[in-house]
Amino acid sequence: MRQHAARFVRDVTARNQLPLDYSVASLRVVDFIVDGLRRSGRDHAAVGRVLFGLGVYAGEVLVRRAGAAWVEFDPGQRELFGQPVGVRMPDGRVWNPLGKVVKRFEAGERESLRTFYLQLHGRARAGLPDPAGKSGWAAADRDRGAETDGL
């Protein structure tokens, strides 16, 4: 995924001079790009590759800035999240930045990638039992309405 993110950044910045530098602040740029795609009136299918690239970029920001690691989703997670990969945070929970970009495209400003990062980074796991162990699966499912619904 890291190579995909690097290739995406190289291609996008070469054409558009966008400041995609893997900083937390650059997630505002991702929000801005997604908003532009949304305003263009194109449907998800027409911009799917760009949304995927932006999601990979957002995930790579979590990897580089918040200590996350890329993970392939198992079949149940793929069904829940609608994506093949996500990130595991240092606290063990699994998140779906690719889906978060799709949510921004579908729902607009209330689904900010920068806010997503700020909510996840350093967030302690709730004291609720996690029957899936350290996978974060139960925490992700429990928080589905707040952070993972459609992510």
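1. Is Val34 buried or exposed? Val34 is buried, with a relative accessible area of 0%; "buried" denotes under 20% relative accessible area, "exposed" over 50%, and "partly exposed" the range in between, with a 1.4 Å probe and protein chains only. This is a predicted model, in which local features need pLDDT of at least 70 and side-chain atom pairs count only at pLDDT 80 or more, whereas totals for chains, interfaces and linings use all residues. Residues are numbered from 1 along each chain as its sequence is written, and side-chain values use heavy atoms, with hydrogens and water left out.

2. Overall composition. The chain holds 8 helices and 3 strands, where helices (H or I, at least four residues) and strands (E, at least two) are DSSP runs numbered from the N terminus. Their order along the sequence is α-α-α-β-α-β-β-α-α-α-α. Of the 151 residues, 47% count as buried. The accessible surface of the chain is about 7,700 Å², and carbon and sulfur atoms contribute 50% of that surface; such areas come from the Shrake-Rupley method with a 1.4 Å probe, and for residues only the protein chains shown count as cover. Among contacts with a separation of 6 or more, 58% join residues 24 or more positions apart, a contact being heavy atoms within 4.5 Å.

3. Helices α2 and α3. The axes of α2 and α3 come within 11 Å and cross at roughly 165°. Axes here are lines fitted to C-alpha atoms, for helices over the stretch in contact, and angles run from 0 to 180 degrees between N-to-C directions. The two helices, α2 and α3, are therefore roughly antiparallel to each other; the classes are roughly parallel under 35 degrees, roughly antiparallel over 145, roughly perpendicular from 65 to 115, and oblique for the rest. The crossing of α2 and α3 is left-handed, a term used if the near helix is turned anticlockwise from the far one by less than a right angle, with right-handed used if clockwise. On the α2 side the contact is made by Ser26, Leu27, Val30, Ile33, Val34 and Leu37, and on the α3 side by Val47, Val50, Leu51, Leu54, Tyr57, Ala58 and Val61. This contact of α2 with α3 has 12 nonpolar residues, 1 polar and no charged. In this classification Ala, Val, Leu, Ile, Met, Phe, Trp, Tyr, Cys and Pro are nonpolar, Asp, Glu, Lys and Arg are charged, and the others, Gly among them, are polar.

4. Helices α3 and α5. Helix α3 (residues 44-66) also packs with helix α5 (residues 97-107), at an angle of about 130° and with axes 7 Å apart. The helices α3 and α5 are therefore oblique to each other, and their crossing is right-handed. From α3, the residues His44, Val47, Leu51, Phe52, Leu54, Gly55, Val56, Ala58, Gly59 and Leu62 meet Pro97, Leu98, Val101, Val102 and Phe105 of α5. The contact of α3 with α5 comprises 12 nonpolar, 3 polar and no charged residues.

5. The surroundings of α5. Helix α5 is mostly covered, with 9 of its 11 residues buried. The buried residues of α5 include Lys100, Lys103 and Arg104. As partners, the buried residues of α5 have α2 (26-39), α3, β1 (69-72), β2 (85-88), β3 (94-95) and α6 (113-120). After α5 comes Gly108, with a positive phi near 90°.

6. Val34 belongs to helix α2. Not counting residues up to four places away in sequence, Val34 touches Leu51, Leu54, Val101, Arg104 and Phe105. Val34 and Val102 are 68 residues apart in sequence, yet their C-alpha atoms are 8.6 Å apart. Pro97 lies in helix α5 and is buried, at 0% relative accessible area. Beyond its neighbours within four places in sequence, Pro97 has contacts that include Gly55, Gly86, Leu113 and Phe116.

7. Glu60 and Tyr22. Glu60, in helix α3, counts as buried because its relative accessibility is 0%. Leaving aside neighbours within four places in sequence, Glu60 is in contact with Arg2, Ala5, Tyr22 and Trp70. Tyr22 is found in the loop between α1 (2-16) and α2 and is buried, with a relative accessible area of 8%. Most residues other than glycine have a negative phi. Tyr22, although not a glycine, has a positive phi of about 65°.
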